[in-house]
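This report covers a helix pair, a pocket and a cavity. The sequence and structure are shown first.

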Amino acid sequence: MNREYPGFVRFILLLAVISILAVDAAAKPPKNFRRRPKPAPADAVETSTAPAKAAPARLLAGRWTPEARAALEGFIAARGKGAPGYDAAKPPVAVLPWSDALVSGDPAELVFLRLVSRAELRFDDALWEIVPIAYGRQPARAAYEQFVRLSSVTWGAQPAYHQYRKALLGSYLDLCRGVGRKECRSYLARLWSGYKESDAEDYARAALAEEKSRPAAVELVAAEEGDPAPLKIRRGMRLLPHMRDLVAKLRAAGVDVWVVDDVPQQTLLAAAADYGVDPSRVAGIANAPDGARLSAAVLKPIPLRGGKAEVVRKAVGRAADLVIGRDAADLELLSDGEGVRIALTGDPALEKAAAERGWVVQPSLAR
């Protein structure tokens with residue numbers, strides 16, 4: 001009997017282990033792999049699958065004043081995509097100037113300079129009729145006819161070429177001083193008479209590409225050596241990173257960005273392409289067509305002073321929600337409707353109006 005006792009003990013222990021395992025199995029039934037998992041609570045699903053909220057737009061740092069930056073970033077946050085009430089079919093509208101505002105330099109004058117310097121206007125009797133007789137037509141034409149049949153390689157050595165160049169460039173400057181900005185800016189558009197619209201835009205693009213590679217400078221244009229009163233002509237054009245960034249941020253936020261300025265349409269189209277502005281949103285001084293070519297007549301309204309507001313109202317159907325003004329010629333546009341209004345410094349009349357009306361004032365980035 002003593003020899004069988006250890007085996008009996010082992011048998012009793014085995015029964016105990018089996019009893020414990022049976023109890024544990026009853027407490028934890030085997031997993032049924034056919035059973036679908038219970039759905040997570042709705043709020044948990046939304047939290048895990050909802051897209052991350054877009055970070056607010058931040059303008060390029062460095063040159064914006066705190067007030068201007070807050071106004072622009074606030075406009076994008078409150079009116080852009082994702083904002084309550086945003087309607088892609090009727091997005092907010094921003095209207096911006098161009099020359100000496102979004103770029104440093106005046107594309108209209110720079111392209112005119114190239115046309116004159118290379119004698120690439122479509123010179124004929126009709127073209128010369130556009131040049132006012134009181135502002136240099138006869139001296140410019142007489143000088144032109146003396147050198148034009150010579151090789152262009154020799155023009156720089158011809159006194160008549162320098163007389164022609166100063167007289168024709170001076171016709172524009174004298175017209176601005178004597179008659180006014182509206183007339184002289186229209187004059188720059190009228191001189192495109194005879195060009196095909198696509199050729200004019202290509203020409204402007206090539207001219208501006210050259211000017212973007214030049215440093216900003218002032219060129220003296222003399223009729224002869226020792227000229228006591230040479231013309232002072234600005235050269236060079238610079239793109240402004242902060243303005244380019246602003247346009248990109250506005251467009252990314254679904255804002256309808258317009259460039260409206262008193263620049264010949266084909267020149268403004270060539271220039272605005274650098275900032276990705278849609279061509280249908282570029283409004284300059286447009287020539288009336290003459291068949292397949294541009295005529296000497298310009299279409300109204302001229303985008304200057306009240307004409308700017310009229311252009312916007314006609315194209316958009318309402319006032320702009322955001323306007324940046326360059327000078328007093330933008331006063332009517334800034335005053336039309338309500339919204340964010342920013343005045344660039346440089347014109348005392350505009351700065352005075354901005355102070356009186358509570359508009360944001362931003363030092364010009366083009367100077």
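## Terms and model

Helices and strands are runs assigned by DSSP, of at least four residues for helices and at least two for strands, and they are numbered from the N terminus. The model described here is predicted.

## The α7 and α8 pair

Helix α7 spans residues 159-178 and helix α8 spans residues 181-190. The two pack at an angle of about 150 degrees, and their axes lie 7 Å apart. Angles over 145 degrees count as roughly antiparallel, so α7 is roughly antiparallel to α8.

On the α7 side, the contact is made by L168, S171, Y172, L175 and C176. R181, E183, C184, R185, Y187 and L188 make it on the α8 side. By class, this contact has seven nonpolar, one polar and three charged residues.

## The largest pocket

The largest pocket has a volume of about 460 Å³. It is lined by 23 residues, and D106, E109, Y172, L173 and R185 are the closest to its centre.

At least two lining residues come from each of α4 (107-117), α7, α8 and β4 (231-235). Helix α7 gives the largest share, five residues. The lining has nine nonpolar, two polar and 12 charged residues.

## The cavity

The model has one cavity of 30 Å³ or more. The largest cavity holds about 50 Å³ of space.

Its lining consists of A108, V111, F112, L115, L188, L191, W192, P264 and T267. The largest share, four residues, comes from α4. Eight of the lining residues are nonpolar, one is polar and none is charged.

How values were computed
Residues numbered from 1 in each chain as written. Predicted model: local features only at pLDDT ≥ 70, side-chain atom pairs only at ≥ 80, totals over all residues. Heavy atoms only, no water. Axes fitted to C-alpha atoms, helices over the stretch in contact; angles between N-to-C directions. Parallel < 35°, antiparallel > 145°, perpendicular 65-115°, else oblique. Contact = heavy atoms within 4.5 Å. Nonpolar A, V, L, I, M, F, W, Y, C, P; charged D, E, K, R; others polar. 1 Å grid on protein atoms, 1.4 Å probe; cavity = no way out; pocket = protein on both sides within 12 Å on 5 of 7 lines; lining within 4 Å. Points joined across faces, edges and corners; volume = space filled by probe spheres on them.
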